[in-house]
Amino acid sequence: MPKMRAADEGDRVTSSIEADRTRRRCVAAAACWAAGGGASAQAPELLLRTASQAGIAIKFNLNRPGPPGFCVELVRWLEKNDPGLRFTGLQRELPLARAILELRDRQIDVFFSLIDSPKRLRQVDFLDTPVLYESRHQVAVRREEPTRPGNYAELREASRPDGVLITHGTVYAEALQQVGGFKLQALARSNRQNLEMLLRGRARFFYHAGSTLRAEIAAAGLSDRLVVLNTVFQVQKQRVAFAPGLAPEARARVARGMAALDARGVLADLRARYGLD
């Protein structure tokens, strides 16, 4: 899938938070390479607590028909790469806001996957590399929508007076608040609810990750009524997130596995399979 240029205003917002992002990311590469870059035959067993994000089948889809989801397959690959590494809790589906709170409060140890927004950088830690995939901010509209905003200023103007639909608890509200000047409708607890509100005319634009929007529209059988516009307003990176205070050796073990999967092309294959490349 060809890369699309992010809107200039989104670039400025992204660059403004780089200092904070760098401070809070968990850079475990040194520990990874010091350990040899691969799973050790003598590595002790390690059990890490995690959870699934509810309502995002492209990432977690254990309990329904269809592919298991990008993050579920990634966890399985990590366990296959390192037989002593195990994750528990994927059967628990949590709203994203609840998952972040549990991670912050050390009720879970690791979460796949999370954007390192300014607010989250103050709550949890992140693995710097490898990045899981890029989240491209786009909007879904009804097919008959005549306006095609090409940047944040045009979207802000076109969205008046109703505002922009945002799914509650996601990073996309934070992104638009950083830009400023947007009225947000963030009452929906799921993307599917926002698609329904878009169809009913509650607003003209639903702002979210383009890959998720396309998957949700297709799964709901709404491709003949809704479309994702080509404009990419901002690009953020989805990363592995750790609970604050998680033992360095546990972080390094995950980092080592991630580096191995990245080097073998597993991450690239998973991105392509789920339309995240």
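This is a predicted model: local features need pLDDT of at least 70, side-chain atom pairs count only at pLDDT 80 or more; totals for chains, interfaces and linings use all residues.
Three cavities of 30 Å³ or more were counted in the structure. The largest cavity holds about 170 Å³ of space, and 18 residues line it. Of these, Gln53, Lys59, Tyr172, His208 and Gln238 lie nearest the centre of the cavity. At least two lining residues are contributed by each of β6 (110–115), β8 (133–142), α8, β11 (205–209) and α10 (210–219). Strand β6 provides the largest share, three residues. In terms of residue class, the lining of the largest cavity comprises eight nonpolar, eight polar and two charged residues.

Helix α8, one of the elements that supply this lining, spans residues 171–179 and is mostly covered, with seven of its nine residues buried. The buried residues are Val171, Tyr172, Ala173, Glu174, Ala175, Leu176 and Val179. Among them, Tyr172 is also one of the residues nearest the centre of the largest cavity. The helix is followed by Gly180, which has a positive phi near 95 degrees.

Gln234 is located in strand β13, which covers residues 234–242. Gln234 is classed as buried because its relative accessibility is 2%, where the cut-off for burial is under 20%. The side chain of Gln234 forms a polar contact with the side chain of Tyr152, at 2.9 Å. Gln238, a residue listed among those nearest the centre of the largest cavity, falls within the residue range of strand β13.

Note on methods: Residues are numbered from 1 along each chain as its sequence is written. Side-chain values use heavy atoms; hydrogens and water are left out. Helices (H or I, at least four residues) and strands (E, at least two) are DSSP runs, numbered from the N terminus. Buried means under 20% relative accessible area, exposed over 50%, partly exposed in between (1.4 Å probe, protein chains only). A polar contact is a pair of N or O atoms within 3.5 Å; within protein, one must be able to donate a hydrogen and the other to accept it, and residues adjacent in sequence count only if both atoms are side-chain atoms. On a 1 Å grid over the protein atoms alone, a cavity is a set of points where a 1.4 Å probe fits but cannot get out, and a pocket is an open set with protein on both sides within 12 Å along at least five of seven lines; lining residues have an atom within 4 Å of a point. Grid points are joined across faces, edges and corners, and a volume is the space filled by probe spheres set on the points. Ala, Val, Leu, Ile, Met, Phe, Trp, Tyr, Cys and Pro count as nonpolar, Asp, Glu, Lys and Arg as charged, and the others, Gly among them, as polar.
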